Amino acid sequence: MKKIKRSNDFELNLVLKHEEFISPPRAAQRNAVVNRALKEFVADLNALHEQTKDFVPGRSWDYISQDREQKLMEDDEIMEDWLIPVMQVMADVICDTGGDILEIGFGRGVSADMIQKHKVRSHTIIECNDAVVEKYHKWKADYPESDLKLVHGLWQDTIGDLGLFDGIFFHTYPLNEDEYMRYVNASITFAEHFFPHAVRHLKPGGAFTYFSNEIHSLSREHQRMLLKYFSSFSVQIVPLQVPEDVIDTWWANTIAVVKAIK
C-alpha cells in the first residue's frame with residue numbers, strides 16, 4: 001500500500017511494505033485507519049508550522065555533559081522565573097483537595113511554597129542535591145506548623161519506602177547525559193519513566209502532574225501512555241512569557257499542564 005499526501009509546503013509518502021502490517025478483516029478498514037493516521041500527521045505538521053513562528057531563539061547551554069546530582073547551581077539553572085506560572089497551575093491541580101502531597105525535587109522551593117499555601121495535610125519532598133537540601137532546612141523554618149518531611153536522596157532509591165499520596169508533583173530534570181538521552185531524547189516526556197511509580201504511590205482518585213513538554217495539546221502517543229497507567233486526565237494551557245535568551249530547552253509561549261487521575 002502506498003499513500004501520498006501533498007500540500008503547497010510538503011509532500012508525505014507512506015509505503016506499507018507488508019500486507020500483515022495493520023491488517024484488519026477488511027481492506028476498507030485498513031485504508032480508513034491509515035488515512036486517519038496520515039490526516040493527523042498532516043494536522044500536526046501544520047500546527048507545528050504555526051506554533052514555531054512564536055518560538056524564542058534561546059541560548060546554547062551544554063548541561064547534558066555535566067553530572068548535576070551534586071552540582072552547585074545558580075537559581076536560573078535550577079528553574080527560570082518564566083516557569084513560575086507553570087508551577088502555580090501544577091500546584092493547584094494536585095492540591096485542590098488538600099491531603100498528603102509528594103513533591104519530587106525541591107529546587108528553589110517555589111513550588112513548595114505554592115503547595116504550602118493550599119494548607120495540605122502533609123508534604124513530603126524528595127531531594128538528592130546536598131546544597132539544595134541545606135536550602136530546604138532554612139525554608140522549612142517558615143512553616144513551623146506544617147507536617148513536612150524531607151527524603152534526602154534520589155527518588156529512584158527512596159520512593160519505594162514511601163506510602164500513598166493524594167497528589168504527586170514531579171518536576172525534576174535529567175542528572176546526566178545518559179538520563180537526557182534515555183528520558184528526554186527518546187521519550188514523549190521526561191516524566192514518562194516515572195508514570196508507573198506515580199500510580200504505585202497514589203491513592204485511588206489521586207492526582208499526578210509533571211512538566212509535559214507539550215505546547216497546545218497532547219499528542220496521541222502521550223495520551224496512550226497516560227491511559228496505560230491512569231484512569232483519566234485533563235489538560236490546561238498556560239500562557240508564558242519566555243525570554244529571548246531562555247537557557248531551558250523550551251521555546252514556546254504556552255505549555256500544557258496535565259492532571260492525571262489514578
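Which loop holds Phe-21? Phe-21 lies in the loop between β2 (11–15) and α1 (27–51). Helices (H or I, at least four residues) and strands (E, at least two) are DSSP runs numbered from the N terminus.

This is a predicted model, in which local features need pLDDT of at least 70 and side-chain atom pairs count only at pLDDT 80 or more, while totals for chains, interfaces and linings use all residues. Residues are numbered from 1 along each chain as its sequence is written, and side-chain values use heavy atoms, with hydrogens and water left out.

**Surface patch**

Phe-21 is partly exposed, at 48% relative accessible area. Buried means under 20% relative accessible area, exposed over 50%, and partly exposed in between (1.4 Å probe, protein chains only). Together with Ile-22 and Val-33, Phe-21 forms a nonpolar surface patch with about 260 Å² of accessible area. Patch residues have over 30% relative accessible area and no salt bridge; nonpolar side chains (Val, Leu, Ile, Met, Phe, Trp, Tyr) are joined within 5 Å, like charges within 9 Å.

**Salt bridges**

The whole structure holds 11 salt bridges. Each is a side-chain nitrogen of Lys or Arg within 4 Å of a carboxyl oxygen of Asp or Glu.

Arg-30 is buried at 7% relative accessible area, whereas Glu-19 is exposed at 57%. Glu-40 is partly exposed at 26%. Arg-220 is partly exposed too, at 41%. Lys-53 is exposed at 53%, and Glu-50 is partly exposed at 43%. Elsewhere, salt bridges link Asp-100, Arg-121, Asp-166 and Lys-203 in a network.

**Strands around β7**

Strand β7 (residues 202–210) pairs in the parallel sense with β6 (residues 165–170) over 5 bridges. Two strands pair if DSSP finds at least two bridges between them. In β7, Phe-208 stands opposite Ile-168. Strand β9 (residues 254–261) runs antiparallel to β7, joined by 2 bridges. Here Ala-207 stands opposite Ile-261.

**His-201 and the cysteines**

His-201 sits in the loop between α8 (195–200) and β7. His-201 counts as buried because its relative accessibility is 6%. Its side chain reaches the backbone oxygen of Ile-159 at 3.2 Å.

Cys-95 is buried at 3% relative accessibility, and Cys-128 is buried at 13%. The whole structure has 0 disulfides, a disulfide being a pair of cysteine sulfur atoms within 2.5 Å.

Key. Areas by Shrake-Rupley, 256 points an atom, 1.4 Å probe, with all protein chains shown as cover. Polar contact = N/O pair within 3.5 Å; in protein donor to acceptor, adjacent residues only side chain to side chain.
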